[in-house]
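Biologist: I'm new to this one. Please take me through it, one topic at a time.

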Amino acid sequence: MRHLSLNRVSSHRLHIRKMSLLPLPKTLIPFLAPYLPVKRDDRPFVTLTWAQSLDARIASRPGVQTKISHLETKTMTHYLRAYHDAILVGVGTVLADDPKLNCRYGNFSKIRPVVVDPDAKWDYSKSTLCRLKNEGTGLAPFIFVNDDATTSPENEDILRSQEGAYCRLPMDLSNRANNWLLILNALHNVGVNSVMIEGGAVVINELLQSSVVDSVVITIGPVFLGKDGLEVSPASARILGNVNWWRGETDSVMAGHLIPEGQPH
Ligand SMILES: NC(=O)C1=CN([C@@H]2O[C@H](COP(=O)(O)OP(=O)(O)OC[C@H]3O[C@@H](n4cnc5c(N)ncnc54)[C@H](O)[C@@H]3O)[C@@H](O)[C@H]2O)C=CC1
Ligand SMILES: Nc1nc(O)c(N)c(N[C@@H]2O[C@H](COP(=O)(O)O)[C@@H](O)[C@H]2O)n1
């Protein structure tokens, strides 16, 4: 993997760059402060964050991009991105959403997109991410693939020229949960100290069951998406500590720290 150029931002240096975002509600700054990344020696700090319906759905159907959050909490997401070195999603999310995965809050923040795509299913060359890199409004991604994945020479060439990379790892495909430490260690080794993980459901459900999540920030929008919606729910119970709630125009945001399993809270 290539060396990352990392950015540090502090709240006084942040400002809205794109009018598509709203001004950040001022009360979100102290609300989020206790959950922002701190340096860890063992691995990157992990913030797990998503927007869900009242019935814990993140999309109206699997594979369908669904607007859940108000623009002010979308702005919050970009504010949070500005404090992280990397943003990670699973391949299901890039295939469904063709997201931007950049930081549109702040005048210089560059966040490294990371996609977990063990079988190299994603055609990067056709993506919005590829276009944004060419336009200068985002970085090229690190795409984590399994050791034996077949990647297209075209995507290899583009990624190389854009200073992104396919990152090959000996992934455990029968028990995917085993791969998180591998992925996080690989990122740590190239200087990534904080990762914001945004989804989708497979990724969220796996990580809620893991011991590698530090902060959790959940936006809850005023909608029920129903039984066909894509549910987020870990395989067994987990508890959050240091919990706080913020209430906006239409959404509420809950932030907390994921308590390690077996630890009293
Ligand atoms: N409302 C929200 O905040 C968000 C909603 N979404 C929605 O979620 C949906 C996509 O979610 P999913 O289909 O669940 O896909 P996903 O984005 O969670 O990707 C799942 C895939 O990623 C790979 N993967 C994940 N964890 C892995 C691991 N530990 N090791 C190896 N490979 C791993 C596997 O190929 C797996 O099939 C879309 O509809 C999207 O719109 C996605 C992100 C946020
Ligand atoms: N904050 C938020 N609210 C929603 O209603 C959403 N559906 C999402 N989805 C996430 O945002 C990503 C797209 O964002 P950008 O294109 O990078 O701005 C998408 O891939 C999901 O991770 N988020």
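Modeller: Ask away.

Biologist: What does Arg61 count as, going by relative accessibility?

Modeller: Arg61 counts as partly exposed, at 42% relative accessibility. On this scale buried is under 20% relative accessible area, exposed is over 50%, and partly exposed is in between, using a 1.4 Å probe and the protein chains only.

Biologist: What sort of model is this, and how are things numbered?

Modeller: The model is predicted, so local features need pLDDT of at least 70 and side-chain atom pairs count only at pLDDT 80 or more, while totals for chains, interfaces and linings use all residues. Residues are numbered from 1 along each chain as its sequence is written, chains are lettered from A and ligands numbered from 1 in the order in which they are written, and side-chain values use heavy atoms, with hydrogens and water left out.

Biologist: Back to Arg61. What does it form a salt bridge with?

Modeller: The partner is Asp228, with the closest N and O atoms 3.9 Å apart. A salt bridge here is a side-chain nitrogen of Lys or Arg within 4 Å of a carboxyl oxygen of Asp or Glu.

Biologist: Is Arg81 buried or exposed?

Modeller: Buried, with a relative accessible area of 4%.

Biologist: Which salt bridge is within a helix?

Modeller: Asp157 and Arg160 form one, and their closest N and O atoms are 3.1 Å apart. They are three residues apart in helix α5 (residues 153-162), so about one helical turn separates them. Asp157 is partly exposed at 44%, and Arg160 is partly exposed at 46%.

Biologist: Which residues are linked in a network?

Modeller: Arg40, Asp42, Arg43 and Asp214 are linked in a network of salt bridges.

Biologist: New topic, ligand 1. Which residues come nearest?

Modeller: Ala51, Thr93, Asp97, Glu198 and Val202, out of 28 residues around ligand 1. A residue belongs to that shell if one of its heavy atoms lies within 4 Å of the ligand.

Biologist: What lies by its nitrogen atoms?

Modeller: A polar side-chain atom of Asn179 lies 2.9 Å from a nitrogen atom of ligand 1. An N or O atom in the side chain of Trp180 is 3.2 Å from a nitrogen atom of ligand 1. The protein covers 88% of the 860 Å² of accessible area that ligand 1 has on its own; such areas come from the Shrake-Rupley method with a 1.4 Å probe.

Biologist: Which element gives the most to that shell?

Modeller: Helix α3, with five residues.

Biologist: And ligand 2, which residues are closest?

Modeller: Of the 16 residues that surround ligand 2, the closest are Thr66, Ile68, Ser69, Leu101 and Arg104. A backbone N or O atom of Thr66 lies 2.9 Å from a nitrogen atom of ligand 2. An N or O atom in the side chain of Asp97 is 2.9 Å from an oxygen atom of ligand 2. Taken alone ligand 2 exposes 520 Å², and the protein buries 89% of that.

Biologist: Which element gives the most here?

Modeller: Helix α2, with four residues.

Biologist: Last topic, the backbone. Which peptide bond is cis?

Modeller: The one from Gly199 to Gly200, with omega near 0 degrees. Gly200 is in the loop between β7 (194-199) and α7 (201-208). Most residues other than glycine have a negative phi, and most peptide bonds are trans.

Biologist: What is the phi of Ala56?

Modeller: Phi of Ala56 is near 60 degrees, a positive value. Ala56 is in the loop between β1 (45-52) and β2 (57-59). Asp98 also has a positive phi, about 45 degrees, although it is not a glycine. Asp98 is in the loop between α3 (91-97) and β4 (112-116), and is partly exposed at 33%.

Technical notes. Helices (H or I, at least four residues) and strands (E, at least two) are DSSP runs, numbered from the N terminus. A polar contact is a pair of N or O atoms within 3.5 Å; within protein, one must be able to donate a hydrogen and the other to accept it, and residues adjacent in sequence count only if both atoms are side-chain atoms.
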